[in-house]
Amino acid sequence: MAASAPGKLILFGEHAVVFGEPALSTAIGLRAEVYARPHKEWLADGASLDEPRYRYVKACVRKTKVEGPLWIEIRSMVPSGAGLGSSAAVSVATLGALHGSTGPLDPRTIAREAFEVEHEVQGRASPIDTSTASAGGGILVLQEPQDGLLWSIERDSRRWFLHRTALPPLDFVIGNTGISAATGPLVAKVKERVDRDPRAADAVREIGVITLDGLRALQRKDLVAAGGLMDRDHALLTRLGVGHSALDRLVEAARPSSYGAKLTGAGGGGSMVALTDRPEPTAAAIRAAGGKAFIVRSDPVGVATLG
Ligand code: MEV
């Protein structure tokens, strides 16, 4: 039993999506692979499933009620704590491997289960990371169903409608600060700020508007407009308290050779993304500013069995 799932890049709408605002993401060609084989005891990479770093894997095992024991082996190209959806990719690939023995994979079921796993382990969350890892390609999260609906996911009083969206082939350059930041505490910090500061609540709403404007700009290939909206989104996310001086440094370094740049994912460190048609100079500028840079494209493939 083996499956893989992609990491993701949020182009617009992180954090605001947790409050029900729209968000736009794409799967990227950095994937996690998970293998599961019968064994005499439960192990992950040869270690106990009780180790904190395997809490997502352990929650997936509980969720599927799969018979064991199994040796689960994880190979991930997605750096963890980097805002690129590593926990979602590992959870989705794990669920894929665990379900793989019973028939073809159903990305909708896996997206729902992976969201529940993420919620259990990380706390407050939206389904954007887990649904992008399950479905692959471009994903648009909306408050209402529209054409291209893949599935909806509910939690407490919130409901998210996940849509397939076509994005033109674009090069994005990711700059990783190397500062690993856990998503859960950042999401909690934004909630606390929004509850006490009306300016933060306004920022969340403006990010929602930017997301839809950004999607339209990307679809009509108006990269100047899309880049300007990314710059504004970065400023709003910083106002929400999830910026970092290292992110600002990489964003500033990338901007002269790109249309725009912003933090991506949970922030607080992690990564930024630049929209550019000159990826090499942008990557070089990010490296010169101390970041790890890589060029990515959208990956159309979601969760998939291996072998
Ligand atoms: C993290 O990749 C995206 C956040 O919006 C959290 C979430 O949606 O669960 C920050």
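Q: What kind of crossing does H6 make as it passes H7?
A: Left-handed, meaning the near helix is turned anticlockwise from the far one by less than a right angle. This is a predicted model, where local features need pLDDT of at least 70, side-chain atom pairs count only at pLDDT 80 or more, and totals for chains, interfaces and linings use all residues. Residues are numbered from 1 along each chain as its sequence is written, and side-chain values use heavy atoms, with hydrogens and water left out.

Q: At what angle do H6 and H7 pack?
A: About 160 degrees, with the axes 9 Å apart; axes are lines fitted to C-alpha atoms over the stretch in contact, and angles run from 0 to 180 degrees between N-to-C directions. H6 and H7 are therefore roughly antiparallel (angles over 145 degrees). Both are DSSP runs (H or I, at least four residues for helices; E, at least two for strands), numbered from the N terminus.

Q: Ok, and the loop between H6 and H7, which residue lies there?
A: Lys 221 is in that loop. Its phi is positive, about 60 degrees, though Lys 221 is not a glycine. At 58% relative accessibility, Lys 221 counts as exposed (over 50%; buried is under 20%, partly exposed in between, with a 1.4 Å probe and protein chains only).

Q: Switching topic: which residues does the cis peptide bond join?
A: Gly 68 and Pro 69, with omega about -5 degrees. Pro 69 lies in the loop between H1 and E4.

Q: And why is H2 largely enclosed?
A: Because twelve of its 14 residues are buried, among them Val 90 and Leu 95.

Note on methods: Parallel < 35°, antiparallel > 145°, perpendicular 65-115°, else oblique.
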